[in-house]
Amino acid sequence: MLAKYLTVFRAVHNFVFVGKRDKRTPAMRLGFAKRPLEYEDLIWPGERVPRPKWARRRGKKAIAA
């Protein structure tokens with residue numbers, strides 16, 4: 001289980017966290033990425049982030065004042 005956590009941490013460190021001086025990630029410095037990635041890009045690569053469907057609230061109707 002520790003190996004899985006370290007793999008995730010390594011990916012976040014290399015692709016998400018930017019440096020203080022040059023505002024670039026280690027992957028950008030090596031030419032593997034053009035921009036810093038978001039956490040969602042690592043979780044769902046190449047896909048749109050799934051969002052919960054909007055549900056209409058079904059309660060009592062508001063009474064006009």
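Buried means under 20% relative accessible area, exposed means over 50%, and partly exposed is anything in between, worked out with a 1.4 Å probe and protein chains only. By that rule V18, at 42% relative accessibility, is partly exposed. The structure you're looking at is a predicted model, where local features need pLDDT of at least 70, side-chain atom pairs count only at pLDDT 80 or more, and totals for chains, interfaces and linings use all residues. Residues are numbered from 1 along each chain as its sequence is written, and side-chain values use heavy atoms, with hydrogens and water left out.

**The overall picture**

- The protein has 3 helices and 0 strands, where helices (H or I, at least four residues) and strands (E, at least two) are DSSP runs numbered from the N terminus.
- Follow the sequence along and you get the pattern α-α-α.
- Of the protein's 65 residues, 11% count as buried.
- Contact here means heavy atoms within 4.5 Å. Take the contacts between residues at least 6 apart in sequence, and 12% of them join residues at least 24 apart.
- The protein exposes about 6,800 Å², with carbon and sulfur atoms supplying 59% of it; accessible areas come from the Shrake-Rupley method with a 1.4 Å probe, and for residues only the protein chains shown count as cover.

**How confident is the prediction?**

- The score to know is pLDDT, the predictor's confidence in each residue, from 0 to 100.
- The protein averages a pLDDT of 84, and 80% of the residues score at least 70.
- Confidence is highest in α2, at 95, and lowest in α3, at a mean of 84.

**The loop between α1 and α2**

- T25 sits in the loop between α1 (2-15) and α2 (26-30). T25 counts as buried because its relative accessibility is 0%.
- Setting aside residues up to four places away in sequence, T25 touches N14, F15, V16, F17, V18 and P36.
- V18 is found in the loop between α1 and α2 too. Beyond its neighbours within four places in sequence, V18 is in contact with K23, R24, T25 and P36.
- V18 and R35 are 17 residues apart in sequence, and their C-alpha atoms are 9.8 Å apart in space.
- K23 also belongs to the loop between α1 and α2, and K23 counts as exposed because its relative accessibility is 56%.

- N14 has its place in helix α1, and N14 is partly exposed at 25% relative accessibility.
- The C-alpha atoms of N14 and P36 are separated by 9.1 Å, while the two residues are 22 residues apart along the chain.
- Y5 is in helix α1 as well, and Y5 counts as exposed because its relative accessibility is 55%.
- M1, L2, Y5 and L6 form a nonpolar patch on the surface, with about 510 Å² of accessible area together. Patches are made of residues with over 30% relative accessible area and no salt bridge, joining like charges within 9 Å and nonpolar side chains (Val, Leu, Ile, Met, Phe, Trp, Tyr) within 5 Å.

**Helix α3**

- Y39 is found in helix α3 (residues 39-43), and Y39 is partly exposed, with a relative accessible area of 45%.
- Leaving out neighbours within four places in sequence, Y39 is in contact with V12, V16 and F17.
- Y39 and V16 are 23 residues apart along the chain, with their C-alpha atoms separated by 7.1 Å.

**Salt bridges**

- Side chains of opposite charge can pair when their charged atoms come close.
- A salt bridge is a side-chain nitrogen of Lys or Arg within 4 Å of a carboxyl oxygen of Asp or Glu, and by this rule the count comes to 2 salt bridges.
- R29 forms a salt bridge with D22, with the closest N and O atoms 3.0 Å apart. R29 is partly exposed at 43% relative accessibility, and D22 is partly exposed with a relative accessible area of 35%.
- The side chains of D41 and R35 also meet in a salt bridge, at 3.8 Å from N to O. D41 is partly exposed at 27% relative accessible area, and R35 is partly exposed at 48%.
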